[in-house]
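Here's a look at side-chain contacts: ring pairs, charges over rings, salt bridges and a surface patch. Have the viewer open while you read.

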Amino acid sequence: MTVRIGIIGTGAIGRDHARRINQVLAGGKVVALTDVNRESAEAVRAAIAPDAEIFQTGEDLIASPLVDAVLVTSWGASHEQYVLAAIAAGKPCFCEKPLATTADGAKRIVDAEVARAKRLVQVGFMRRYDAGYIALKEAVTSRTGAPIMVHAAHRNPTVPEHYVTPMAIHDTLIHEIDVFRWLLDDDYVSARVIFPRRAARSHGKLRDPQVVVLETAKGVVIDVEIFVNCHYGYDIQCEVVGEDGIARLPEPMAVQMRLNASLQNPILTDWKDRFIASYDVELQDFLKAAAQGTATGPTSWDGYVAAITSDACVTAQDREGEAVAITLPTRPALYN
């Protein structure tokens with residue numbers, strides 16, 4: 001079965017997903033597009049999906065009998081309305097993060113999906129599909145013993161002037177928030193944020209770097225350095241300290257050189273290059289499930305928990321050094 005896909009939002013990530021579906025992956029075809037900027041949708045149709053119909057609104061696209069499943073890759077504040085519409089229509093929906101811009105919004109999506117008693121939503125937390133993280137999870141689960149601590153870092157070479165302090169949580173740490181829950185099979189109970197001195201390449205509305213300390217229900221302590229103006233490259237680090245050993249996230253494959261009296265290898269500078277393969281795997285997973293009328297992978301519940309945790313971390317930014325409690329409601333049976 002070829003799953004007929006409608007894409008809401010044809011910016012950079014929507015365009016790239018359209019390319020994947022039509023040119024790289026098996027089992028899907030882009031048949032519908034919409035964007036608030038119609039010219040953007042027309043450009044994607046011309047370059048990637050010549051048979052696609054362009055719809056005036058996301059709601060029109062979702063309602064169309066031409067569309068079997070939906071990708072939501074629009075502006076983050078619009079995600080909730082489109083995911084809710086897809087659930088109401090009974091159509092599988094892949095939603096790029098954030099699932100919603102507030103925890104209340106994510107909870108409404110959870111409630112709607114639970115009311116249908118069927119998984120329909122996959123959230124775009126692609127790190128769960130990264131080969132390095134999968135290998136790390138296997139080591140943590142079966143080799144290095146019960147986790148005690150996690151040391152991690154998320155470093156970007158630079159960010160634009162409009163990037164402000166809370167975005168270090170909502171736009172950057174959000175990936176770690178999800179992947180650590182999956183990696184440790186654990187939930188968070190508190191968050192603290194500590195700010196070192198401001199880096200010289202930061203700007204007036206951004207305190208950079210910062211260190212987020214998360215504690216889990218099983219007593220694991222996680223420290224994450226967020227440094228979004230590190231200058232030297234895009235660098236993701238993760239080390240899990242267990243009862244019997246230590247497991248580290250593998251470095252991206254790179255050629256090591258002995259050159260000019262030094263031992264060296266290149267460091268990536270773009271997040272898309274670091275996780276490009278995982279995007280392919282996650283969307284193939286979505287297409288496979290959508291062909292059966294359902295969804296797999298990261299759930300609406302995962303998106304909801306990430307939103308609750310993000311809100312707690314932003315509160316902790318305002319209460320520097322103070323532990324902020326993270327309280328989760330009971331997980332619905334649909335997501336067990």
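W301 is buried, and so is Y304, where buried means under 20% relative accessible area, exposed means over 50% and partly exposed is in between, using a 1.4 Å probe and protein chains only. Their ring centres sit 5.5 Å apart with the planes at 70°, so this pair is edge-to-face. For the cut-offs, rings of Phe, Tyr and Trp (its six-membered ring) pair if their centres lie within 6.5 Å, with planes under 30 degrees apart called stacked, over 60 edge-to-face and the rest tilted. W301 and Y304 are three residues apart in helix α9 (residues 300-318), which means about one helical turn separates them. Helices here are DSSP runs (H or I, at least four residues), strands likewise (E, at least two), and both are numbered from the N terminus.

Before going on, a word on the model: it is a predicted one, so local features need pLDDT of at least 70 and side-chain atom pairs count only at pLDDT 80 or more, while totals for chains, interfaces and linings use all residues. Residues are numbered from 1 along each chain as its sequence is written, and side-chain values use heavy atoms, with hydrogens and water left out.

How many aromatic pairs does a search of the whole structure find? It turns up three. One of them joins F94 and F286: the centres are 5.8 Å apart and the planes at 65°, so it counts as edge-to-face. F94 belongs to strand β5 (residues 93-95) and F286 to helix α8, so the contact ties together parts 192 residues apart in sequence. Both of these phenylalanines, F94 and F286, are buried.

Rings also meet charges. A charge sits over a ring if NZ of Lys or CZ of Arg is within 6 Å of the ring centre and within 35 degrees of the ring normal. R207 does this over the face of F195, 3.8 Å from the ring centre, and R274 lies over the face of F275 at 4.5 Å.

On to salt bridges, each defined as a side-chain nitrogen of Lys or Arg within 4 Å of a carboxyl oxygen of Asp or Glu. The whole-structure search finds 21 of them, including these:

| Salt bridge | N to O distance |
|---|---|
| D68 and R4 | 2.9 Å |
| R20 and D280 | 2.7 Å |
| E225 and R155 | 2.7 Å |

Take D68 and R4, whose side chains meet at 2.9 Å. D68 is in the loop between α3 (58-63) and β4 (69-72) and R4 in strand β1 (residues 3-8), so the pair connects parts 64 residues apart in sequence. D68 is partly exposed at 22% relative accessible area, and R4 is partly exposed at 32%.

Next is the R20 and D280 bridge. R20 counts as buried at 1% relative accessibility, whereas D280 is partly exposed at 22%.

Then comes E225 with R155. E225 is in strand β10 (residues 221-227) and R155 in strand β7, 70 residues apart. Here R155 is buried at 17%, while E225 is partly exposed at 22%.

Which residues are linked in a network of salt bridges? They are R128, D178, R181, D187, D302 and R331.

Strand β7 (residues 147-155) also holds I148, which is partly exposed at 35%. I148, M149 and V221 form a nonpolar surface patch with about 210 Å² of accessible area together. Patch residues have over 30% relative accessible area and no salt bridge, with like charges joined within 9 Å and nonpolar side chains (Val, Leu, Ile, Met, Phe, Trp, Tyr) within 5 Å. Accessible areas come from the Shrake-Rupley method with a 1.4 Å probe, and for residues only the protein chains shown count as cover.
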